Amino acid sequence: MNLVNAPHPPFGRALCAMVTPFTADGALDPDGAQRLAAHLVAEGCDGLVLSGTTGESPTTSDDEKATLVRAVKEAVGERVPVVAGVGTADTRHTVRLALDAEKAGADGLLVVSPYYSRPPQDALEAHFREVADASGLPLMLYDIPGRTGTRIEPDTMIRLASHPRIVAVKDCAYDMLGTQRVLARAELAYYAGCEEFALPLYAVGGAGFVSTVANVAPRALRSVLDAFDAGNTGDAARRQQLAAPLVELMMASGLPGTVTAKALLGAVGLPGGPVRAPLRPAGREVTDGLLSAYEKVVSAS
């Protein structure tokens, strides 16, 4: 699946930031990953993003990341793009993961800003360009300064858009004005990485979303974009508001989205398994609340 010269948006619209399923004893579960991936595609996801924040990338090994790509690609084939998270704090390591992902069959790469070291903008730009030069795959830059400590500034984004393989952004910067500045000046597909911005960003020219909540409610989230595309903006707003209580519980209740997504997946009988330390599983009361909100969204969508 050659996406370097793909039409806008390059990875589809409704992308799921997929969890990494583990077995009960904490090992990688390739079979579970294949079942979950096939389910998500059947439920309306037209792209899967692996080994991101939701995929517990800090606690999976390089071999596990490559195995996950191979398993998911085998399950979904050419039906949807598979984007592999390869970002680390080390440029050399990130390049190595990019090459591993390409060899494993990934269709694109998700590359987060190097964390902890907080490189200045010129070093950040050089990092992304080196990764983009290393493989033939298109890149989605992951701008999430709340986790990395470093913003990819709008001017840096605009410069990076000149690279033929830097084609998209997962936007978790919470700066709608800065995002619109880039949209007006560069050919980058902007995906909302925070579900509450899915419709607002789409309405000003965004490409869609990369969503943790899509692990459990892909049809409900996709229906927002579908309604907007059909010209039913009021219905799109209604559907966005309908999903908001579930989004809030999963993403803004004090627990990481990985924890809440895996709790819900387990509650509805889908592969997910435990989280890896230092994360801890959600308690019964939290899971019951999530399940109640989930059932309301699913029944109404």
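Colleague: Where does threonine 60 sit?
Modeller: Threonine 60 belongs to the loop between β2 and α2. Helices (H or I, at least four residues) and strands (E, at least two) are DSSP runs, numbered from the N terminus. The model is predicted, with local features needing pLDDT of at least 70 and side-chain atom pairs pLDDT 80 or more, while totals for chains, interfaces and linings use all residues. Residues are numbered from 1 along each chain as its sequence is written, and side-chain values use heavy atoms, leaving out hydrogens and water.

Colleague: Is threonine 60 buried or exposed?
Modeller: Threonine 60 counts as buried, because its relative accessibility is 9%. Buried means under 20% relative accessible area, exposed over 50%, and partly exposed in between (1.4 Å probe, protein chains only).

Colleague: And what is threonine 60 in contact with?
Modeller: Apart from neighbours within four places in sequence, threonine 60 is in contact (heavy atoms within 4.5 Å) with Thr20, Phe22, Gly55, Lys65 and Arg276.

Colleague: What follows α2?
Modeller: Glycine 77 follows α2, and its phi is positive, near 60 degrees.

Colleague: Now α3. Which of its residues are buried, and what covers them?
Modeller: Thr94, Val95, Leu97, Ala98, Ala101 and Ala104 are the buried residues of α3. Their cover includes α2, β3, β4 (108–112) and α4 (121–134).

Colleague: What about alanine 89: where is it found, and what does it touch?
Modeller: Alanine 89 is in the loop between β3 and α3. With residues up to four places away in sequence not counted, alanine 89 touches Pro114 and Tyr115. The C-alpha atoms of alanine 89 and tyrosine 115 are separated by 5.1 Å, although these residues are 26 residues apart along the chain. Alanine 89 counts as partly exposed because its relative accessibility is 39%.

Colleague: Changing topic: how many strands close into the barrel, and in what order?
Modeller: Eight strands close into the barrel, in the order β1-β2-β3-β4-β5-β6-β7-β8, with parallel pairing. From one strand to the next, the twist averages 25 degrees. Two strands pair if DSSP finds at least two bridges between them.

Colleague: How many bridges does β1 have with β8, and how many with β2?
Modeller: Strand β1 (residues 14–17) is joined to β8 (residues 208–211) by three bridges, and these strands run parallel. Three bridges also join β1 to β2, again in parallel. Alanine 14 stands opposite phenylalanine 209 in β8, and alanine 17 stands opposite valine 49 in β2.

Colleague: Are the faces of β2 covered or open?
Modeller: Both faces are covered: Gly47 and Val49 are buried on one side, and Leu48 and Leu50 on the other.

Colleague: Which helix lies across β1 and β8?
Modeller: Helix α9 (residues 218–229) does, and it runs at about 170 degrees to β8. Axes are lines fitted to C-alpha atoms, for helices over the stretch in contact, and angles run from 0 to 180 degrees between N-to-C directions.

Colleague: Last one: how do α11 and α12 cross, and which residues make the contact?
Modeller: The axes of α11 (residues 257–267) and α12 (residues 284–300) come within 9 Å and cross at roughly 75 degrees. Thr260, Ala263, Leu264 and Ala267 of α11 make the contact with Thr287, Leu290, Leu291 and Tyr294 of α12.
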